[in-house]
Structures are given as C-alpha cells and as structure tokens.
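Hi everyone, thanks for coming. Let me put today's structure up on the screen, and then we'll walk through it together.

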Amino acid sequence: MLPTSEKKKWMYENMLVSRFFEEAMEAIYMEGKTPVFNMAEGPIPGEMHLSTGQEPCAVGVCAHLRPSDVVTATHRPHHQAIAKGVDLKMMAAEIFGKKTGLSGGRGGHMHIFDADVNFACSGIIAQGLGPAVGAALSKQMKGDDSVAVAFLGEGAVNQGAFHEALNLAAVWKLPVIFVVEDNSWGISVSKAESTAVKHNAVRAQAYNMPGRFIADNDPIALYDVAGIAIEDARAGKGPTLIEVETTRLAGHFMGDAEGYRPDGELDLLKSKDPIIRMKKLLIDEGVLSEDENLQITLKAQKLVDEAIEFARSSDYPEPAEALEKVFV
C-alpha cells in the first residue's frame with residue numbers, strides 16, 4: 001500500500017509544520033531561562049519534550065486516520081497532534097497556558113486534548129494504552145468501523161500496562177494499533193540496557209497478533225504497514241503492533257545536557273534527518289518541484305507563525321476561573 005503523490009505531499013507538509021512548530025517552541029521556551037536555567041521562568045514554564053526527528057512516525061500512521069479515529073499519545077506529542085489534525089493555534093495557546101488553549105491553558109504540552117479530532121496525550125509512561133483499548137472496545141460495541149491508535153515510546157513496553165493492553169486487545173479482537181516509537185533512549189537509559197529483546201515487534205507473538213518492524217525511520221514503509229493494520233482493524237481482524245526505528249534529535253527534555261549520548265551519535269542522527277530525506281525522495285521521484293517545495297515550506301512556516309502569534313496575544317485565565325474546566 002503506497003501513498004499517492006498528494007498523500008506524500010501531505011506527509012511532507014505535516015513533517016515541516018511539526019519541525020517548525022518545535023523549533024519555535026525550543027526558542028520561546030528558553031526565553032527568560034538564561035543565563036541561569038530555571039524551569040519555572042519564561043512564557044512556557046515547566047518541562048518541554050520535543051519530538052524532532054520522530055516526524056515520520058506520526059505522518060505514516062495518521063495519513064490513514066479519520067477525525068472519528070482515536071489517538072492516544074505520549075509526553076512527546078506535538079508531531080502526533082499535528083498529524084491528527086489538532087487545532088494548531090489552540091495547541092500553541094494551551095502550551096503557553098492561555099485561556100484560548102485547548103483546555104483553557106490548564107493542561108500544558110503534556111496533556112493536549114482535542115475532542116474535535118479525538119486526540120489525547122499524557123505525561124505518564126504507557127498511560128495512553130488503556131484508554132486506547134477502551135476507545136476501541138467502544139467503537140466495536142457500537143458497530144462503528146473507527147479505530148484507535150496508541151503511540152508509545154520503547155521504554156513503555158516494559159510497563160505492565162503495555163502487556164495488559166495488548167492482551168485484552170487480542171482477546172477481544174479490538175480495532176486498535178499499538179505504535180512503538182523506538183528512539184533507543186528511555187530518558188537517559190539506552191534500550192540495550194533496559195530491554196531484553198532487540199525488536200519489540202516480536203512481543204506481538206506472545207499476544208497472537210501481527211508484529212511489524214519498520215527500519216530507518218521510513219515514513220513510506222510505515223504508511224504501507226500502518227495502512228494494512230488499520231484496514232484489518234476496521235474489518236474486525238483485531239490489533240497490530242508496529243515498531244518504528246526512529247531518532248530523537250533533541251534531549252529527553254529541554255535543558256537535558258545529554259551527557260549519556262556516545263560521542264558522534266547526534267551528528268550521525270542529524271546526517272539522517274528525515275525531513276531532508278523526505279524532500280530528496282519526493283524531488284527525485286518527480287512528486288515535488290523546487291517551486292512546490294518553496295510554497296509548501298512557506299505555508300508551513302506561516303501556519304506556525306500565526307499559531308505562535310495567536311498564543312502570545314491571548315490572555316491568561318483569570319484567578320477567578322481557576323476551578324473551571326477541572327475536576328474538583
């Protein structure tokens with residue numbers, strides 16, 4: 001199952017929007033945090049986890065999804081949210097803590113929630129798997145052919161929630177796809193030091209479901225495999241586990257000194273930047289001209305610039321609104 005030319009352009013454009021959005025977040029996040037780093041300072045206080053380099057994981061899957069399909073994501077969620085169609089202006093405002101944000105500024109970047117496109121994420125490792133299985137069960141019971149996709153990091157596969165979710169999904173043949181983004185690092189611990197198997201896709205065998213491994217951060221190969229998995233799920237054939245070998249070009253969080261990385265690793269990863277590779281692929285295939293690339297690039301940057309301006313110019317919630325939009 002290969003993407004059409006238009007779908008490839010959609011994937012490339014969304015990768016660019018994600019990258020530009022994160023570059024903007026990275027710069028704005030550091031405002032007020034220098035020369036002495038203080039996480040509480042600046043227009044974006046708290047932690048910030050960037051997904052730079054992991055863009056293929058989002059577009060290869062979300063290119064197949066409808067607004068009615070459910071996505072649960074991790075604490076590193078911007079690329080997935082953008083590819084699922086989350087409102088970019090409201091997401092930016094949410095990250096800034098503004099009242100025009102998706103949750104009125106209460107959730108921040110690790111708790112992005114957009115009911116219009118059925119997207120949610122969580123700062124708790126493996127937390128999204130259970131809700132994805134629940135959403136899939138709901139779709140199945142209603143006779144709806146929508147699916148649920150649970151994105152997770154490779155570190156989350158060693159959590160109990162991962163195994164419970166896969167077991168129930170397989171027993172009940174639920175329309176859910178588990179997508180493991182393997183960037184080789186669980187915070188500062190390498191996968192080799194924490195996980196007994198080389199490829200987590202093989203764990204699917206223990207739960208009698210298909211397991212697929214995508215090498216080299218390849219969005220086209222992922223599109224193919226994800227399309228088959230989602231078609232099977234819509235047809236009632238049950239869940240699939242997909243593992244994507246990807247790259248985290250940033251630290252675990254903003255401010256991470258990354259002393260755990262071997263010498264030369266980051267330079268090697270940057271030499272394989274997936275956005276540069278995607279652009280080259282599309283131009284080599286004749287799908288994209290240099291002029292079209294310029295237009296798509298300018299459009300992506302404009303979307304991000306407008307979202308940031310919207311967030312900066314929005315108001316903060318009033319103290320009297322503190323108990324609104326929250327469970328008490």
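Let's begin with K9, which counts as buried, because its relative accessibility is 15% and the cut-off for buried is under 20%. Before I go further, please keep in mind that this is a predicted model.

So where is K9? You'll find K9 in helix 1, and that helix covers residues 5–29. Which residues does K9 touch, once we set aside those up to four places away in sequence? They are L282, V287 and E292. Hold on to two of those names: L282 is in helix 10, and E292 is in helix 11. Those two helices are our next stops.

Let's take helix 10 to begin with, which is residues 274–284. How do helix 1 and helix 10 lie relative to each other, roughly parallel or roughly antiparallel? Their axes cross at roughly 155° and come within 10 Å. Angles over 145 degrees count as roughly antiparallel, and therefore helix 1 and helix 10 are roughly antiparallel to each other. The crossing of helix 1 past helix 10 is left-handed.

Here is who meets whom in that contact. On the helix 1 side we have K8, K9, M11, Y12, M15, L16 and R19. On the helix 10 side they meet P274, I275, M278, K279 and L282. Sorted by class, this contact has 8 nonpolar and 4 charged residues, with no polar ones.

Now for helix 11, residues 290–313. The axes of helix 1 and helix 11 come within 9 Å, and the crossing angle is roughly 40°. Helix 1 and helix 11 are therefore oblique to each other. Helix 1 passes helix 11 in a right-handed crossing, whereas its crossing with helix 10 is left-handed.

The list of contacts here goes as follows. Helix 1 brings K9, Y12, E13, L16, V17, F20, F21, A24, M25 and I28. Helix 11 answers with E292, N293, I296, T297, K299, A300, Q301, L303, V304, I308 and R312. By class, we get 13 nonpolar, 3 polar and 5 charged residues in the contact of helix 1 with helix 11.

Leaving aside neighbours within four places in sequence, I283 is in contact with L288 and E290. From I283 to A24 there are 259 residues in sequence and 26 Å between the C-alpha atoms.

**Aromatic pairs**

How many aromatic pairs does the structure hold? There are 2. One is formed by Y29 and F37: their ring centres are 6.4 Å apart, with 40° between the planes, which makes the pair tilted. Y29 is buried, at 0% relative accessible area, while F37 is partly exposed, at 35%.

The other pair is W185 with Y260, also tilted, at 5.0 Å centre to centre and 55° between the planes. W185 sits in strand 6 and Y260 in the loop between strand 9 and helix 9, so this pair ties together parts that are 75 residues apart in sequence. W185 is buried, with 9% relative accessible area.

**A few backbone details**

To finish, some backbone spots to look at. The peptide bond from T34 to P35 is cis, with omega near 5°. P35 lies in the loop between helix 1 and helix 2.

Then there is S184, which has a positive phi of about 80° although it is not a glycine. S184 is in the loop between strand 5 and strand 6, and is partly exposed, at 36% relative accessibility. I187 is not a glycine either, and has a positive phi of about 55°. You'll see I187 in the loop between strand 6 and strand 7, partly exposed with a relative accessible area of 47%.

Technical notes. Residues numbered from 1 in each chain as written. Predicted model: local features only at pLDDT ≥ 70, side-chain atom pairs only at ≥ 80, totals over all residues. Heavy atoms only, no water. Axes fitted to C-alpha atoms, helices over the stretch in contact; angles between N-to-C directions. Helix = DSSP H or I, 4+ residues; strand = E, 2+ residues; numbered from the N terminus. Parallel < 35°, antiparallel > 145°, perpendicular 65-115°, else oblique. Left-handed = near helix turned anticlockwise from the far one by under 90°. Contact = heavy atoms within 4.5 Å. Nonpolar A, V, L, I, M, F, W, Y, C, P; charged D, E, K, R; others polar. Phe/Tyr/Trp six-rings, centres within 6.5 Å; stacked < 30°, edge-to-face > 60°. Buried < 20%, exposed > 50% of the residue type's maximum accessible area, 1.4 Å probe, protein only.
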